[in-house]
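Hi,

Here is the structure I promised to pass on. Have a look, and my notes follow below.

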Amino acid sequence: MHEEDFRNELPDDLRSLWEKLDSIPGETADSAAMKIRFNAMLDAYHETVDRSRRAWWPLRPAVQFVIAVLILAAGVTIGRYFAPSRPQQQSADLIQLRREVGDLREIVALSLMQQQSATDRLRGVSWSNQIDEPDGKVLSALLDTLMHDPNVNVRLASIDALRRFGERQVVRRGALQALTRQQSPLVQIALIDFMVELQEKDCVGTLEKLAQDDHVDETVRKRAALGVQDFQQRQQ
Amino acid sequence: MQHTDERLMLSVRDGDVRKLGLLFDRHHQRLFSFFCRLTGNRTVAEDLVQDVFFRILKYRKSFREDSRFNTWMFQIARNVRTDFFRKHPAEPSLQIDFDVADRSPFPNQKLEREQEREKLNRALLELPSDKRELLVLARYQELRYDEIAELLNVDVGTVKVRVHRAMKQLREIFNKLSCEKNKCTRKTSETSCPTI
């Protein structure tokens, strides 16, 4: 019926060719073989879903977030219900609760930072800002993000997140190492600023090299030169 | 009671993934034929059909309440086709042997008909891929003007114009192929090429 609509729209000279197209037969599919392949694909899908269901921690960040919030809410409710009246006990419980909330935030942040989507990883880096005293895992995840994440925005966000922990030696070393490897001018400039802010003297040599390297972006070279100048002025 | 394609797809979207099997049963032949006509290759067509259903499963959440399954499925099929031609830029070649029973009692007529059919199919495969796809959709896939227009994201008038242009180009290629075939006879008989 639809085919007729098209045919009627054509001028007579093309209509005969249109009708001749009918002579090209349609191919018949090997339905049985194709259905076997299709079922195999469906089974593989089910297996993947089952496996992810069996895992104790769900893969989807949104679900992880909801579970984290539910656990938190349950913790608060139970805590209030069983809270003894003694102030000393209350404060111990509060400390315990805070620690648990901190742990939850760490889990959410770490999990988000491992996601495929750059938006999720960005969210993971932001989550790490909510952790008061992150342990080694979070810091090393942030440094790993700074070093290896393919997305410039995520790498820049990780520098911001690491800024709070600039006094830690591991962060200083990691940032300096990243400065020697990064190719993106934006990230290089952010790292130079970070180093200058930290007054990390070990980076002077690296900054001098950057300032003189013709392959490096001009703005980066200028910023590195300014950084060296800043160090020299402070020493005087 | 038989469910509509849309209802089945909504069930798949909402987690009843096994229902996709019913949609496969209903549409795999149609998609296979679509890809065969575009690629001229059965094996490739089978792979592409599987790819379409894999993507339907993967992107099932994008199927909306007001979506038409037919159009949505062909949108995915077109993307699969585009990706395939991007990865394999070589022109499609005719690798299908047509085995159609011809009831004509005259062997010469049968041979002529077969030759013409082969030429026409070759002409179809020589069309630029977008025009070939349009003709396949309009001629063989039983899609309406408005469905094709939605699929190509253009208005109905544009579809009509494009079908007309594609048919004109198909005729040119078909006539050219007929000329090449009849070169030897033309030299001796000095007759012009047969045209449609």
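Chain A has twelve helices and zero strands, with helices (H or I, at least four residues) and strands (E, at least two) taken as DSSP runs numbered from the N terminus. This is a predicted model, where local features need pLDDT of at least 70, side-chain atom pairs count only at pLDDT 80 or more, and totals for chains, interfaces and linings use all residues. Residues are numbered from 1 along each chain as its sequence is written, chains are lettered from A and ligands numbered from 1 in the order written, and side-chain values use heavy atoms, leaving out hydrogens and water.

Of the 236 residues in chain A, 36% are buried (under 20% relative accessible area, 1.4 Å probe, protein chains only).

One helix pair to look at: α11(A) (residues 204-212) and α12(A) (residues 218-235) pack at about 140°, axes 8 Å apart. Axes here are lines fitted to C-alpha atoms over the stretch in contact, and angles run from 0 to 180 degrees between N-to-C directions. Contact means heavy atoms within 4.5 Å; α11(A) brings V204(A), L207(A), E208(A), L210(A) and A211(A), while α12(A) brings R221(A), A224(A), A225(A), G227(A), V228(A) and F231(A).

Now the partner chain. Chain A puts 34 residues into the contact and chain B 48. About 4,000 Å² is buried between them, 65% of it from carbon and sulfur atoms; that is the accessible area (1.4 Å probe) the two parts lose on being put together, summed over both. On the chain A side, F6(A), E27(A) and M34(A) lose the most area to chain B, together 19% of what that side buries.

Cheers

Methods:
Buried < 20%, exposed > 50% of the residue type's maximum accessible area, 1.4 Å probe, protein only.
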